[in-house]
Amino acid sequence: MYWGVDVGSTYTKICGIDEKKQIIDTKVIPTIVNQDEIVKTYLEDKNVEMLVSTGYGRHMIEDTFSCPVISEIKAHAKGAYYFAQESQMVIDLGGQDSKVIMLDGNGGFVDFKMNDKCAAGTGKFLEIASSRMGLELEEFSKIGFEANKELSISSMCAVFAESEVISLIAKKESAANICYAVHDSIASRLASMARKFAIKSDVILFTGGGALNGFLLHLLSKKLEKNVISVGYPQLTGAIGAAISGFEVCEEL
């Protein structure tokens, strides 16, 4: 089996594929201290022919397993091609960064843009806002469809954006309308990044934990006027791409 491990800032994703590149094992676990040991424990009873790591903590996995590493961009490009070969663009929303990747049509990439300067445009802001409102993230991701007022959050800083959420709560705006404002803020940032490229295809792949959010997917499609899709295992795209990279390395040996 060929394995990919994507150690992100919030979650670590593990994926195993077989000799036909079929996904046969997946695991998502919170990223905490000694994450390499947790991954090692999970894999100790598995058949590991090749392991490739990616993500923020990729070098920690590299040191523990003496395995190859690849960048998040390369991993997401390979993972995206696995699921949607017709797509020329990937929008990835992670816990601490967001990125837009232009694909080359063969499992590689030609360019990318990344925002990792502030949490206001990332999945972390969704967690902060939902926590402020006393809602589970899953519930928070759904109630935006019930909004009847298009409120906005303008700050580019997560701290000040959170203050805007607090102000909206104090004004007794509905949870649905505040939810709309938070999601619209993130979708606007993602759409702005995407528009910096010439988007030729009608299909854009949305990946990362943020792609599990149906309301965010809806707003992105609306803003970009494209078919923004989330397929397969959106949160595991990077890990799948890493596993495929390992498969390709073994094929070349």
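Good morning. The model before you is predicted, so local features are taken only where pLDDT is at least 70 and side-chain atom pairs only at pLDDT 80 or more, whereas totals for chains, interfaces and linings use all residues. Residues are numbered from 1 along each chain as its sequence is written, and side-chain values use heavy atoms, with hydrogens and water left out.

A word on naming. Helices (H or I, at least four residues) and strands (E, at least two) are DSSP runs, numbered from the N terminus.

I begin with the sheet that contains β1. Strands of a sheet pair through backbone hydrogen bonds, either parallel or antiparallel. Here, two strands count as paired if DSSP finds at least two bridges between them. Four strands form an open sheet in the order β3-β2-β1-β4, with mixed pairing. Its edge strands are β3 (23-30) and β4, each of which pairs on one side only. On average, neighbouring strands of this sheet are turned by 15° against each other, direction ignored. Axes are lines fitted to C-alpha atoms, for helices over the stretch in contact, and angles run from 0 to 180 degrees between N-to-C directions.

Which strands does β1 join? Strand β1 (residues 2-7) is linked to β2 (residues 11-17) by six bridges, and these two run antiparallel. They form a hairpin with three residues between them, and the bridge partner of G4 in β2 is C15. Six bridges also connect β1 to β4 (residues 50-55), this time in parallel; there, W3 has L51 as its bridge partner.

Is β1 buried or exposed? Buried means under 20% relative accessible area, exposed over 50%, and partly exposed in between, with a 1.4 Å probe and protein chains only. Six of the six residues of β1 are buried, so this strand is largely enclosed by the rest of the structure. Y2, G4 and D6 point one way from β1, while W3, V5 and V7 point the other way.

Contact, in what follows, means heavy atoms within 4.5 Å. Helix α3 (residues 72-83) packs on the sheet and touches β1, β3 and β4, its direction making about 110° with that of β4. Helix α9 (residues 237-252) lies across β1, β2, β3 and β4, running at about 140° to β1.

I turn now to the other sheet. Five strands form an open sheet in the order β7-β6-β5-β8-β9, again with mixed pairing. The edge strands are β7 (109-115) and β9, each pairing on one side only. Neighbouring strands are turned by 20° against each other on average, direction ignored.

Five of its five residues are buried, so β8 is largely enclosed by the rest of the structure. V203, L205 and T207 point one way, and I204 and F206 the other way. Four bridges join β5 (residues 89-93) to β8, and the two run parallel. Across this pairing, M89 stands opposite I204 and I91 stands opposite F206. Three bridges join β8 to β9 (residues 227-229), also in parallel, and V203 has N227 as its bridge partner in β9.

Helix α7 lies across β5, β6 (98-103), β7 and β8, running at about 30° to β6. Helix α8 packs on the sheet as well, touching β5, β8 and β9, and its direction makes about 155° with that of β9.

Finally, I consider helices packed on helices. Two packed helices are described by the angle between their axes and the distance between the axes. The axes of α7 (residues 175-194) and α8 (residues 214-224) come within 9 Å and cross at roughly 50°. Angles under 35 degrees count as roughly parallel, over 145 as roughly antiparallel, 65 to 115 as roughly perpendicular and the rest as oblique; α7 and α8 are therefore oblique to each other. The residues in contact include C179, Y180 and H183 of α7 and F215, L216 and L219 of α8.

The other pair is α4 (residues 123-132) and α6 (residues 158-170), which pack at an angle of about 30° with their axes 10 Å apart. That makes α4 roughly parallel to α6. In this contact, F125, I128 and R132 of α4 meet A158, A161, E162, V165, I166 and I169 of α6.

Thank you for your attention.
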